Amino acid sequence: ETSLRADSPPCFEIGASFHHRYRPLCTEMMRTPRGNVPFAVNEDGIRDQSRHRILSRQKRVLVLGDSLVWGWGVDQGRLVTDELQRRVRELECQLPR
């Protein structure tokens with residue numbers, strides 16, 4: 001557990017009722033080999049936009065994954081899910097109404 005804490009990402013906490021989680025509404029810088037990148041967690045402890053903003057959309061996509069989806073070492077706004085969202089919007093603009 002000590003090594004886990006030493007190498008843990010920002011906003012990371014360990015507890016008795018859960019293995020680990022990210023503190024809700026936390027914003028910090030994440031250290032990476034390429035330098036520091038911004039890191040933010042929403043009110044649910046997820047690295048995403050606010051719950052209200054997500055639920056206000058008619059169409060939503062759930063993406064499950066590991067550190068690649070989570071965006072280890074990647075700037076906010078450059079996550080795999082951010083790119084997916086941009087591409088879906090581009091496709092929607094191209095569809096006939």
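A residue counts as buried when its relative accessible area is under 20%, as exposed when it is over 50%, and as partly exposed in between (1.4 Å probe, protein chains only). By that rule R47 is buried, with a relative accessible area of 8%.

The model is predicted: local features need pLDDT of at least 70, side-chain atom pairs count only at pLDDT 80 or more, and totals for chains, interfaces and linings use all residues. Residues are numbered from 1 along each chain as its sequence is written, and side-chain values use heavy atoms, with hydrogens and water left out.

**Overall build**

The protein has 4 helices and 4 strands. Helices (H or I, at least four residues) and strands (E, at least two) are DSSP runs, numbered from the N terminus. The order from the N terminus is α-β-β-β-β-α-α-α. Of the 97 residues, 21% are buried. Contact means heavy atoms within 4.5 Å. Among contacts with a separation of 6 or more, 28% join residues 24 or more positions apart. The protein exposes about 7,700 Å², and carbon and sulfur atoms supply 54% of that area. Accessible areas come from the Shrake-Rupley method with a 1.4 Å probe; for residues, only the protein chains shown count as cover.

| Residue | Location | Relative accessible area |
|---|---|---|
| R47 | loop between β4 (35-40) and α2 | 8% |
| T32 | strand β3 (residues 27-32) | 16% |
| L25 | loop between β2 (21-22) and β3 | 63% |

Start with R47. Leaving out residues up to four places away in sequence, R47 touches a list of residues including M30, F39, W70, W72 and L79. Its side chain also makes polar contacts, that is, pairs of N or O atoms within 3.5 Å; within protein, one must be able to donate a hydrogen and the other to accept it, and residues adjacent in sequence count only if both atoms are side-chain atoms. The side chain of R47 reaches the backbone oxygen of G71 at 2.7 Å. It reaches the backbone oxygen of P38 at 3.4 Å.

T32 is buried too, at 16% relative accessibility. A polar atom of the T32 side chain lies 2.4 Å from the backbone oxygen of G35. Beyond four places in sequence, T32 is in contact with V37 and G73.

L25 is exposed. Most residues other than glycine have a negative phi. L25 is not a glycine, yet its phi is positive, at about 55 degrees. The C-alpha atoms of L25 and R47 are separated by 9.5 Å, and the two residues are 22 apart along the chain.

**The largest pocket**

A pocket is found on a 1 Å grid over the protein atoms alone: an open set of points where a 1.4 Å probe fits, with protein on both sides within 12 Å along at least five of seven lines; lining residues have an atom within 4 Å of a point. The largest pocket holds about 1,100 Å³ of space. Of its 32 lining residues, D48, I54, V61, V63 and T81 are the closest to its centre. The elements that give two or more residues to this lining are α2 (51-55), α3 (67-70) and α4 (80-94). α4 gives the most, with 7 residues.

Conventions
Points joined across faces, edges and corners; volume = space filled by probe spheres on them.
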